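Here are my notes on this model, as numbered points. Have the structure open while you read.

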Amino acid sequence: MDDCRAARWEDILPGQQHSFEFVISAEEMAGFAALSGDRNPLHRDPAFAAAKGFAGVVVYGGLLVAKISRLIGMIVPGLHAVWTGLDIQFRNPLLVGETATLIAEVTRTSDSTRQIGLKIRILAPDRVIALAKADALHTG
Amino acid sequence: MDSGGIYQRLTPLFCETFDNDDIVLRPEMTAEDVDGWDSFSHIRLVVAVETEFNVSLTASEVAALKNVGEFVALLTRKLS
């Protein structure tokens, strides 16, 4: 179980916030390329990224989704989570090596279904990277 | 709100949940009558209904429902 947060259903309340910082490394980018099969040069080649108008190699959107997986699986709902839905918009690129912060707020809880709604923002210091809404069940 | 109004507001929720614009709700309708009405889609439907009608349902209220008609009756009570 490592350090999975074992929140009880009754302790998860609308308005609660959770956040963490992360930096995506070149090694993680290579790992995602191997895992996903997505070898698009936007995510691998600085010259290609620059030619497309980006300041550097762009972090995979899938890696941002992976950070949402960390939120749901390890923090809220945590140990008893079953992830059921995600709606995400990628607003601005995150570059490899940049520090980003994921901030999540519990927006609703449904006692009848034990499903929670989450509003998620992934931010760099000067811009919004992604906005998302996620649903997850608490099966505890 | 009368039951007609509830059926009117429920129908698009069913259509969206089950990705089927042809669903016509009937009081006797059950999960057997709708393709894809499984436990996960049932949860999505119930949460969508709670959000649309701004009501909170309990697990026991939902578990007791036998068909759409009983769902509408429950909502009618909650909204009155």
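1. Which side chain meets that of A:Asp11 in a salt bridge? The partner is A:Arg8, at 2.9 Å from N to O; a salt bridge here is a side-chain nitrogen of Lys or Arg within 4 Å of a carboxyl oxygen of Asp or Glu. A:Asp11 is partly exposed at 34% relative accessible area, and A:Arg8 is partly exposed too, at 48%. (Buried is under 20% relative accessible area, exposed is over 50%, and partly exposed is in between, with a 1.4 Å probe and protein chains only.)

2. Before going further, some ground rules. This is a predicted model, in which local features need pLDDT of at least 70 and side-chain atom pairs count only at pLDDT 80 or more, while totals for chains, interfaces and linings use all residues. Residues are numbered from 1 along each chain as its sequence is written, chains are lettered from A and ligands numbered from 1 in the order in which they are written, and side-chain values use heavy atoms, with hydrogens and water left out.

3. Now the layout of chain A. There are 3 helices and 5 strands, running β-α-α-α-β-β-β-β along the sequence. These are DSSP runs numbered from the N terminus, with helices being H or I of at least four residues and strands E of at least two. The C-alpha trace spans about 50 × 30 × 20 Å along its principal axes.

4. Take the contacts (heavy atoms within 4.5 Å) between residues at least 6 apart in sequence: 68% of them join residues at least 24 apart. Chain A exposes about 7100 Å², with carbon and sulfur atoms supplying 51% of that area; accessible areas come from the Shrake-Rupley method with a 1.4 Å probe, and for residues only the protein chains shown count as cover.

5. Charges next. Chain A carries 14 positive and 15 negative side chains, and the centres of the two sets lie 4 Å apart. Lys and Arg count as positive, Asp and Glu as negative, and His and the chain ends are not counted; each charge is placed at NZ of Lys, CZ of Arg, CG of Asp or CD of Glu.

6. Over all chains the structure holds 9 salt bridges. One of them pairs A:Arg108 with A:Asp135, the closest N and O atoms being 2.7 Å apart. A:Arg108 sits in strand β3 (residues 99-110) and A:Asp135 in strand β5 (residues 127-138), so the pair ties together parts 27 residues apart in sequence. Both are partly exposed: A:Arg108 has 25% relative accessible area, and A:Asp135 has 23%.

7. A:Arg127 pairs with A:Asp126 in a salt bridge at 2.8 Å between the closest N and O atoms. A:Asp126 is exposed, at 62% relative accessible area. Elsewhere, salt bridges with shared partners join A:Arg8, A:Glu10 and A:Asp11 into one network.

8. Please look at A:Lys67, in helix α3 (residues 61-75) of chain A. A:Lys67 is buried but has no salt bridge, and the nearest side chain of opposite charge, A:Glu28, is 4.5 Å away. Leaving out residues up to four places away in sequence, A:Lys67 touches A:Phe20, A:Phe22, A:Ile24 and A:Leu102.

9. Finally, chain B. B:Glu16, B:Asp19, B:Asp21 and B:Asp22 gather in a surface patch of negative charge. Patches are made of residues with over 30% relative accessible area and no salt bridge, like charges being joined within 9 Å and nonpolar side chains (Val, Leu, Ile, Met, Phe, Trp, Tyr) within 5 Å. B:Asp22 lies in the loop between α1 (3-17) and α2 (39-53) of chain B, and counts as exposed at 66% relative accessibility.
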